[in-house]
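Here is a friendly walk through one protein model. Have the sequence and the 3D view open, and look up each residue as it comes along.

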Amino acid sequence: MHTEQKQKSSHPTPHGHGDHPETIRQTYDRMKHDTSGKSAVEYMKNMKNQLRLVFWETTVGCNLECIHCRRLDVSTTLAKDDMSTKEAFEFVDAIVEVGNPILVLSGGEPLFRPDIFDIAKHAVSKGLSVALATNGTLVEDDVARKIVDAGIARVSISFDGADEKTHDDFRKIPGSFKRSMEGFKRLKNLGMSMQINCTIAKHNVEQIDDMYKLALELGADALHVFMLVPVGCGVQIADDQMLHPAKYEEVLNHFYDLSKEAKIQTKATCAPHYFRIMRERAKEEGITISPQTHGMAAMTKGCLAGTGVCFVSHKGEVFPCGYLPVEAGHVKKQKFADIWKNSPVFEKLRNPDLLEGKCGDCEYKKVCEGCRARAFYDTGNYLAEEPYCIYQPKLTRTNEN
């Protein structure tokens with residue numbers, strides 16, 4: 001039996017789905033132009049507990065000191081307990097035994113690893129679609145070429161503001177915005193599918209429109225906004241930076257409006273109530289949600305921790321996601337397939353009937369589930385209700401009356 005242990009953990013990126021090896025951009029285009037007429041419900045039924053994304057913290061080494069980083073122990077050098085190249089190859093092989101998820105090479109800063117391109121090539125050779133999550137500051141011309149030549153399908157670069165001052169103040173490194181922009185453009189010029197990630201908090205919440213415009217101007221394929229989760233360094237800034245629940249609701253409704261322009265792939269991450277808002281808004285508009293109307297958002301749900309995604313630390317610990325520090329297993333001690341299929345932690349997360357509080361009463365629980373990481377932060381119980389959601393379920397409202 002696996003034990004549920006509190007741990008410190010890492011950071012996410014791209015979103016996608018595919019039963020066959022194909023790039024993330026190809027997958028999106030294929031689903032967006034699906035003419036089968038399938039509704040969102042039909043897609044979700046077909047993907048029950050399919051492993052869709054594996055986020056792997058390849059190292060804790062990083063050249064930046066972001067104040068919202070989910071780790072407290074980020075190092076400016078490679079860690080001795082990072083998986084070796086041999087262990088990394090074995091881990092990739094173990095992933096393939098489970099299915100064909102997208103493998104996201106994250107960190108820390110994955111480009112700190114001198115063998116990162118060999119790892120990417122090995123994963124691609126095994127039929128996996130590989131994405132790279134980087135801060136972009138190390139992407140010089142030669143590095144950009146190596147990323148492309150490794151067969152990486154998409155690169156996400158994180159921007160924490162739409163201008164230099166906002167971004168650099170958050171990243172604690174002057175000039176990091178400029179260097180990230182240059183790295184982005186180098187990769188874009190080589191034909192790489194590019195994604196912008198942005199963690200939304202009080203310091204940049206009024207810049208969402210500017211971030212959207214920046215993504216369009218840069219020719220990004222996707223814009224993913226992450227709602228701050230108080231874990232690691234994020235705990236230390238939670239009181240100052242976490243948005244009020246009502247503000248979350250306002251931001252997510254506005255992001256839905258932007259998504260309807262369909263100029264770019266958009267995804268709200270660590271914001272599961274977006275998928276309730278999307279359904280409420282679509283109902284008001286008389287629209288049946290499908291890939292044609294709502295893109296990739298039609299094929300997924302809110303919190304995928306342990307149900308469609310998992311996170312693997314640089315040591316080999318397996319967590320439901322990079323923000324929920326509850327260990328589900330360890331790839332150096334157990335078969336990855338056994339962890340994914342049989343972990344008691346994952347089994348609980350896959351049963352929405354176990355959700356507590358208003359999340360357990362909510363009619364949207366199967367498409368939202370609430371952020372399990374924020375519930376854990378707030379109560380120490382990852383099955384507790386989402387603390388940053390203002391929605392009152394119909395059942396709760398009926399009981400109150």
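Ser313 sits in the loop that joins S8 and strand S9 (317-319); helices (H or I, at least four residues) and strands (E, at least two) are DSSP runs, numbered from the N terminus. Is Ser313 buried or exposed? With a relative accessibility of 0%, Ser313 counts as buried. Here buried means under 20% relative accessible area, exposed over 50%, and partly exposed in between (1.4 Å probe, protein chains only). Leaving aside neighbours within four places in sequence, Ser313 is in contact (heavy atoms within 4.5 Å) with Trp56, Glu57, Met83 and Phe319.

A word on the source: this is a predicted model, in which local features need pLDDT of at least 70, side-chain atom pairs count only at pLDDT 80 or more, and totals for chains, interfaces and linings use all residues. Residues are numbered from 1 along each chain as its sequence is written, and side-chain values use heavy atoms, with hydrogens and water left out.

Now turn to helix H3 (residues 85-98). Its 14 residues should span 20 Å at 1.5 Å a residue, and its end C-alpha atoms are 21 Å apart, which agrees; the expected span is 1.5 Å times one less than the number of residues. Which residues of H3 are buried? They are Ala88, Phe91, Val92, Ala94 and Ile95. Seen down the axis of H3, these buried residues fall within an arc of 160 degrees, so they line one face of the helix; the arc is that of the directions from the helix axis to the C-beta atoms. The face turned away from the buried side of H3 carries the exposed residues Lys86 and Glu97. Among the elements covering the buried residues of H3 are strand S1 (53-57), helix H4 (116-125) and helix H13 (336-342).

Phe336 touches Phe91, Ala94 and Ile95, among others, not counting residues up to four places away in sequence. In the largest nonpolar core, which has 99 residues, Ile147 and Phe336 touch the most other members. Such a core is a set of buried Ala, Val, Leu, Ile, Met, Phe, Trp, Tyr and Cys residues joined through side-chain atoms within 4.5 Å.

| Cysteine | Relative accessible area | Class |
|---|---|---|
| Cys310 | 0% | buried |
| Cys362 | 13% | buried |

The structure holds 0 disulfides (pairs of cysteine sulfur atoms within 2.5 Å).

Finally, the whole protein has 17 helices and 10 strands, and 61% of its 401 residues count as buried.
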